[in-house]
Structure formats: C-alpha cells, structure tokens
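Open the model in your viewer and keep the sequence panel beside it. This tour goes from one selection to the next.

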Amino acid sequence: MRKTALVLCAALALAACGNRAERPDLGETGAMSLLNRTLGREAAAPEGGGLCGDPMLVGEVAGPVDGRGACGIDSAVRLRAVGDVQLSQAALIDCTTAKALKTWLDTGAKPAIGTRGGGISRLRVAAHYACRTRNHQKGAKLSEHGRGRAIDISLIRLVDGTSISVLEGWNTKRDGPALRKMHAAACGPFGTVLGPESDRFHKDHFHFDTARHRGGSYCR
C-alpha cells in the first residue's frame, strides 16, 4: 500500500503541471498509467510482478484475442520491451513466447554481441500475431503466428546507433559470427528456429516460435 501511495502521489504531481482546466480527475489507476507513460514504460501486470510475472517484461495485458478458425490467443500480451531492450513495435504474443524471447536475449543475443557498440538497445520486430498460413502460402498449415506463439526478428540495433541486419550481415565476417551464435542460441528456448539458410522465406529475418516437436527443437 505504501508503494502504491507513493506512485499515486508522484503521478498526481506530474498531472498538476498542466493547466487546471485541462486536468481530468484521473483516479489511482489513471494516475499510475500517467506516471508509467511519463517514465516511458507501460505497467501491465500486478504490482511487483511485471508482465507475465516477470518484472523485466514490459508491456500490457491484451487478454483473449479472437481470430478466424483456429487463430487466436487465449491470453495475450503486447510486449514492448525486455528490460532495457526496446522492440520496434509492440508484439502481440502469449506469455510463453515473451519469456522465451527474454531467455534468448539473456543467454544468446546479448552474449553474442558482448560490449560491441554498447550492447543491444532495440530489436526490429518483423512480425508477431497474424492469422495466416505458413509463409503466406495458399493451402499451407496455420502459422504459429496465428496462435500468438511466434515472433520474427530482422535487425538488432546497438546503443551506439549501429545495426546488425540478418539480411545484410549473415554472410559477412563482421556480423555473421554474432548472428549465427544468436540463431544457435535460440534453439532450446524456442521450439522452432528458422533463419537465412532454412529457405527463401527467411533470408531477411529469424523466425522464432514456441511450438514443441516430438524430436526436440527444430532449428535450421
């Protein structure tokens, strides 16, 4: 309660900076939302728990997502950041996929980059939830994107502003080794990992999804 009161007071103080005539009666929920927006983040879960119960996952709860046929997500979130690593767009996914992304960042992507360029600051999300078939091919099976279990990453931006592109860097001496380490490290946290050498549809991004296969993770 003490923490909530302090957050509320801070938010109300921020709201008081505008013209009195323009200030609505926020209430505690609105005031906390205002504070979160002012700090550049969205609080999305019970106090102290973080999104999906992890304080490093930043975003908001989206709830059930209905879709055509087998598409949809029972309990979706909009993930905006993982710790200090921002996403280029909010990813509509389930908690299992959000947690797998965090594991990959912590155990794969960040170690692959090390201190280069000051570390990772942003991931470019090429795709998240979409009710579609695999690779948009007519007659193909439903993509894991249609179940909120997949996220595609096409570029890694570093703190110093430089970027590592999957398309442009995969076969280079400068970026290739790091990208290949990232790809390999995703195999485990994710059930399916596809990259530039898997097929023509993944030349420019990593596809990660949390589908599980009988023989273990499928990585190409």
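## First stop: a disulfide

Select Cys71 and Cys131: they form a disulfide, with their sulfur atoms 2.0 Å apart. A disulfide here is a pair of cysteine sulfur atoms within 2.5 Å. Cys71 lies in the loop between β1 and β2 (72-82) and Cys131 in the loop between β4 and β5, so the pair ties together parts that are 60 residues apart in sequence. Helices (H or I, at least four residues) and strands (E, at least two) are DSSP runs, numbered from the N terminus. Look along the S-S bond of Cys71 and Cys131: the torsion is about 85°, so the disulfide is right-handed.

Now color by accessibility. Buried means under 20% relative accessible area, exposed over 50%, and partly exposed in between (1.4 Å probe, protein chains only). Cys71 is buried at 10%. Cys131 is partly exposed at 22%.

## What kind of model this is

This is a predicted model: local features need pLDDT of at least 70, side-chain atom pairs count only at pLDDT 80 or more, and totals for chains, interfaces and linings use all residues. Residues are numbered from 1 along each chain as its sequence is written, and side-chain values use heavy atoms, with hydrogens and water left out.

Color by pLDDT, the predictor's confidence in each residue, from 0 to 100. The chain mean is 83, and 78% of its residues reach 70 or more. Then select residues 1-48. Their pLDDT stays under 50, and the model has 40 contacts for them beyond four places in sequence. Contact means heavy atoms within 4.5 Å.

## The whole chain

Zoom out and switch to cartoon. The chain has five helices and nine strands. From the N terminus on, the order is α-α-β-β-β-α-β-β-β-α-α-β-β-β. Of the 220 residues, 42% count as buried. Of the contacts with a separation of 6 or more, 51% are between residues 24 or more positions apart.

The structure holds three disulfides. Next, pick Cys52 and Cys95, which are joined S to S at 2.1 Å. This pair links distant parts of the chain: Cys52 is in the loop between α2 and β1, Cys95 in helix α3, 43 residues apart. The torsion about the S-S bond of Cys52 and Cys95 is about -85°, so this disulfide is left-handed. Cys52 is buried at 16% relative accessible area, while Cys95 is partly exposed at 23%.

Stay on Cys52 and check its backbone. Its phi is positive, about 60°, although Cys52 is not a glycine. The loop that holds Cys52 runs between α2 (27-38) and β1 (57-66).

Then go to Cys187 and Cys219, a disulfide with an S to S distance of 1.9 Å. Cys187 sits in the loop between α5 (176-185) and β7, and Cys219 in strand β9 (residues 218-219), 32 residues apart. The S-S torsion of Cys187 and Cys219 is 95°, a right-handed link. Cys187 is partly exposed at 33%. Cys219 is also partly exposed, at 25%.

Numbered in sequence order, they pair 1-3, 2-4, 5-6.

Which way do β3 and β4 pair? Select β3 (residues 85-94) and β4 (residues 120-127): they pair in the parallel sense over two bridges. Two strands count as paired if DSSP finds at least two bridges between them. Gln86 has Arg122 in β4 as its bridge partner.

With β3 and β4, the helix makes a left-handed β-α-β unit. A crossover is right-handed if, with the strands pointing away from the viewer, the path from the first strand over the helix to the second runs clockwise.

Now extend to β5 (residues 150-158). Six bridges join β4 to β5, and these strands run antiparallel. Look for Ile120, which stands opposite Leu158 in β5.

## Last stop: Thr192

Center on Thr192, in strand β7 (residues 192-194). Is Thr192 buried or exposed? Thr192 is buried, at 7% relative accessibility. Display its side chain and that of Asp209: they make a polar contact at 2.9 Å. A polar contact is a pair of N or O atoms within 3.5 Å; within protein, one must be able to donate a hydrogen and the other to accept it, and residues adjacent in sequence count only if both atoms are side-chain atoms. Finally, show what Thr192 touches, not counting residues up to four places away in sequence: His207, Phe208, Asp209, Ala211, His213 and Tyr218.
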